[in-house]
Amino acid sequence: MNRDLGRHAVIGHPVAHSLSPRIQRAFAAQTGDRIDYTVIDAEPADFAAFARGFFKTGGVGLNVTVPHKRAAFECAAEHADSAALAGVANVLRLTADGVIEAHNTDGSGFMRDLRERHGFEPRGARVLLLGAGGAARGVGFALCEAGVEHLTIVNRTPQRARALAARLGPPAQARPWPHAEDAPQYDLIVNATAAGLHGQSLALPGALLTGAPLCHDLAYGAAAQPFLDWARAAGAPAVDGLGMLVETAADSFAIWHGRRPQTEPVLRALAR
Ligand code: NDP
């Protein structure tokens, strides 16, 4: 189509490692369009000024990553349901009226990856969610909405797990970090902690893997390896977050440009 899609960026801190520029350029190229997509490293104190300045100077769309997802929610004047429910945003766009609008595609991207790529239907499933940060919020809402039987949330800082469970309501419940003697069976275990990013492993009892639940780490690359190794060593199927990343990116592209790009060829190229 050869359109110029305009100026976009991913904003985070740190953010140099981000795959978003590569993914978004590949999406634009599918229809011969051009996209200007850069990386903005902003300290938390500078986020709002950067984001507002970006849109004031003709920016079209922003992807937002750690640690700015709450600030992105707060700097927007309008909120799509996905962001309003999660209370954090990973996508900003400028509406035709010139207002900043917040979206959250973590939940939708996770769900599409789970269902379509890994063939897992969450309705009626028993799910363990590790972590209660920004990503856990979006994913937790999507899982509740999909009709899981129960969503058990555990977190290093227990009060954050309790706060998230209270926000989600039933079937979500907060529990203390699981021990061997307290390891009920799950169909799905989601690692939404940043432990792997810091090179740390989670102390999890092997008994959680009884029944070989699907183990999904939202992280990818080296950060996902400890959790994937833990699951696979016990024969449980385990997948990383690269597929989710590409799906969330496709959802943001669709929010900005009204067309959802193909994800499979982009994921294959990244995995290579
Ligand atoms: P946040 O900083 O908002 O939350 C981090 C979470 O990890 C908190 O629950 C925190 O617990 C927990 N945590 C951190 N270190 C440890 C540790 N050593 N042991 C146990 N728990 C720990 O990050 P996000 O929610 O934004 O991201 C979480 C993960 O999800 C990251 O790996 C990120 O890369 C990934 N992600 C992947 C996406 C994708 O598209 N694939 C999208 C978004 C995120 P506490 O509350 O105690 O601090």
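Modeller: Residues are numbered from 1 along each chain as its sequence is written. Because the model is predicted, local features need pLDDT of at least 70 and side-chain atom pairs count only at pLDDT 80 or more, while totals for chains, interfaces and linings use all residues; side-chain values use heavy atoms, with hydrogens and water left out.

Colleague: Why is Asp106 called buried?

Modeller: Buried means under 20% relative accessible area, exposed means over 50%, and partly exposed lies in between, with a 1.4 Å probe and protein chains only. Asp106 has a relative accessible area of 5%, so Asp106 is buried. This residue, Asp106, is found in helix α5, where a helix is a DSSP run of H or I with at least four residues, a strand is a run of E with at least two, and both are numbered from the N terminus.

Colleague: What makes the pairing of Asp106 and Lys69 a polar contact?

Modeller: A polar contact is a pair of N or O atoms within 3.5 Å; within protein, one must be able to donate a hydrogen and the other to accept it, and residues adjacent in sequence count only if both atoms are side-chain atoms. The side chains of Asp106 and Lys69 are joined at 2.9 Å, and the side chain of Asp106 also makes a polar contact with that of Asn90, at 3.2 Å.

Colleague: Why does Pro171 count as partly exposed?

Modeller: Its relative accessibility is 22%, so Pro171 counts as partly exposed. Pro171 lies in the loop between α7 (158–168) and β9 (172–174). Ala212 also counts as partly exposed, because its relative accessibility is 36%, and Ala212 is placed in the loop between β10 (188–191) and β11 (214–217).

Colleague: What is the phi of Ala212?

Modeller: Phi of Ala212 is near 50 degrees, which is a positive value in a residue other than glycine. As background, most residues other than glycine have a negative phi, and most peptide bonds are trans.

Colleague: How many residues surround the ligand?

Modeller: A residue is near a molecule or strand if one of its heavy atoms lies within 4 Å of it. There are 26 residues around the ligand, and the closest are Ala135, Asn155, Thr157, Arg160 and Gln200.

Colleague: Which ligand atom lies 2.4 Å from a polar side-chain atom of Gln200?

Modeller: That atom of Gln200 lies 2.4 Å from a nitrogen atom of the ligand. A backbone N or O atom of Ala135 lies 2.8 Å from an oxygen atom of the ligand, and a backbone N or O atom of Ala132 lies 3.0 Å from an oxygen atom of the ligand.

Colleague: Which element gives the most to the shell around the ligand?

Modeller: Helix α9 gives the most, with 3 residues, and the elements that give two or more residues to this shell are α6 and α9 (242–257).
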